[in-house]
Amino acid sequence: MAASSLGRRTAMLFGIVKTFSLQRPVLPIISRCGSLFQIATYNPKPLRLNIKDPYIPNKEKEDTPHWQKTDKFDRKLFGRYGSISGVDPVKLWPSPEKLEKLIAEEQEWQPTLEVMLQNIAAKEMEREKKVKAREKLIATNMAKMPKMIEDWRRETRALKMKKREEKARKERLVAEARERFGYALDPRSPKFQEMVQEIEKEEKKKKKLLKSRMKQGDTAPAAPRT
Amino acid sequence: MSASKTTGGKAIDILRNLPRISLANLRPNPGARKTERRRGRGAHGGNKSGRGHKGERQRGNRPRLGFEGGQTPFYLAIPKYGYNEGHSLRPQYQPLSLRRLQYLIDLGRVDTSQPIDLTQLVNGRGVTVQPLKRDYGVHLVEEGADIFSAKINIEVQRATEGAVAAIERNGGVITTGFYDFRSLTILCKPVPFFLSGQPIPKRMLPGEDMVRYYTGAENRGYLSDPEEVERARQELAQKYGYVLPDISKDELFHMLSMRKDCRQIFFGLAPGWVVNMAERKILKPTDEKLLRYYGS
């Protein structure tokens, strides 16, 4: 199916393998239903391992650079040349001390899946708790709201009434002063304030009289009735 | 190529009688090669040689890029904002569309009779992953889901819901797996790693921010419960409106059910083994401590 669409250039780039060949490193496929699929094997860069003429440094010599005497270089030698490099394969794996360190590091820095899931669950719970607490707080405050609104409204109304009354009282006093003294008297002057005090005294007396009358009135009507 | 045989015959006879082709007989098509204009060589390449008239332009003293003659330049006038803050800590995933995957399968660059891995994709030059640039793998995307028709066992690092649906609709299997930086480098370039002579390391588990993704069945995570995955498959089939094909009755069931262990990087190779390319041998450790370490 792909053969017709493949141009010659692609065929040259990839070597098209039509049959099962065992020499090639990439596996070609044959579908079970019988028809052959083409797969493209590519020519990988030749792996020039240089096994015929390897450079294996002499460890005893002082001339060889220090990095050619390290374990890491030995591993690379083994990787490139295999057993002819003369490297003991045991050195490829970490030494017991190194292994201990690796295990300790893993214990410390790489928690197991269970631990991680637990941590995640704990964090999730914390977040949920916070969210719930906040929502609860909001709910309680919202429940208080109607009463608070009522109170506030009442207070503002009371304040307004008070202000209005104050204003009216002031107007009355100014008018009273105007009547008494015959001219527009400044409310801040001492005369005005004396007048205000006099008015207040008279008011108090009137109240007292009223009170005493109320008391007498309470008791008196009882007697004359009978 | 002409249709009639006689004209073709004449041409080849003529060709036989012509002299040998050499550099002396060859010439490019008219208009194919245009001579370049060399500066400083008279007429229209010369005079001011394309430098302009006087000033900084001709004298090569232009100010630096971005300078606007003293006005606060654009790159300084715009206030800083942390758009790119922490960009080097953000995981990136190379997108792979289903369209591209189908293209690769059609051209035979990716083998569908074996599980498809990031190594196979890189070998077929389907994607280019750069672990050093904070790439954490490949993201399967549903562009081309309508033309996708291949039964594959694919393992990617992230996948969208539509891509998962498209693959499962065709009877395939998709898994998402996490590879840390070292494992990803080894996965993308296995041969240089084998040449270094190191034992295959264990794949690390994902960090806490990614554990949730890879334990979720909707994402077909490699750490998730198989039963949940089965349920998620059914749900997805219902959601996208297709009949979920039964994989267990498939002839390629064994291949489709191949899955990597959570610590395994390559199919068929366990952590701790040393692969030697020179002698085509695999060396396995025998020390029990090492075995315990690599087996945990």
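Let's start inside chain B. Leave aside residues up to four places away in sequence, and B:Glu168 touches B:Ile174, B:Arg220, B:Arg233, B:Leu236, B:Tyr242, B:Leu244 and B:Pro245. Keep in mind that this is a predicted model.

Where does B:Glu168 lie? In helix H6 of chain B, residues 161-169. Its relative accessibility is 2%, so B:Glu168 counts as buried. Now pick one of those neighbours, B:Arg220. The side chains of B:Glu168 and B:Arg220 make a polar contact at 2.7 Å.

Next, the strands. E1 of chain B covers residues 92-97, and E2 of chain B covers residues 135-141. The two run parallel, joined by 6 bridges. Within that pairing, B:Leu96 sits opposite B:Leu140. E2(B) also pairs with strand E4 of chain B, residues 158-159. That pairing is parallel too, over 2 bridges. Which residue of E4(B) is the bridge partner of B:Leu140? B:Ala159. So much for the strands.

Now a loop residue, B:Arg263. It lies between helix H11 (253-256) and strand E6 (274-276) of chain B. Is B:Arg263 buried or exposed? Buried, because its relative accessibility is 13% and the cut-off is under 20%. The side chain of B:Arg263 reaches the backbone oxygen of B:Ser296 at 3.5 Å. Again not counting residues up to four places away in sequence, the contacts of B:Arg263 include B:Pro201, B:Met204, B:Pro271 and, from the other chain, A:Glu106.

That takes us to the interface. Chain B puts 44 residues into the contact, and chain A puts in 42. About 3,400 Å² is buried between the two chains, and carbon and sulfur atoms give 65% of that. Three residues stand out on the chain B side: B:Leu195, B:Glu208 and B:Tyr293. They supply 18% of the area that chain B buries against chain A, more than any other three residues.

What about charges? There are 4 salt bridges across the interface of chain B and chain A. One has B:Glu208 in it: the side chain of A:Lys123 meets the side chain of B:Glu208 at 2.9 Å, N to O.

Which elements give two or more residues to the side of chain B that touches chain A? Helix H8 (190-195), helix H9 (208-215), E6 and helix H12 (288-295) of chain B. By residue type, that side divides into 19 nonpolar, 13 polar and 12 charged.

That's the tour. Questions, please.

Notes
Residues numbered from 1 in each chain as written. Chains lettered and ligands numbered in written order. Predicted model: local features only at pLDDT ≥ 70, side-chain atom pairs only at ≥ 80, totals over all residues. Heavy atoms only, no water. Pairing = 2+ DSSP bridges. Helix = DSSP H or I, 4+ residues; strand = E, 2+ residues; numbered from the N terminus. Buried < 20%, exposed > 50% of the residue type's maximum accessible area, 1.4 Å probe, protein only. Polar contact = N/O pair within 3.5 Å; in protein donor to acceptor, adjacent residues only side chain to side chain. Contact = heavy atoms within 4.5 Å. Buried area = accessible area lost by both parts, 1.4 Å probe. Nonpolar A, V, L, I, M, F, W, Y, C, P; charged D, E, K, R; others polar.
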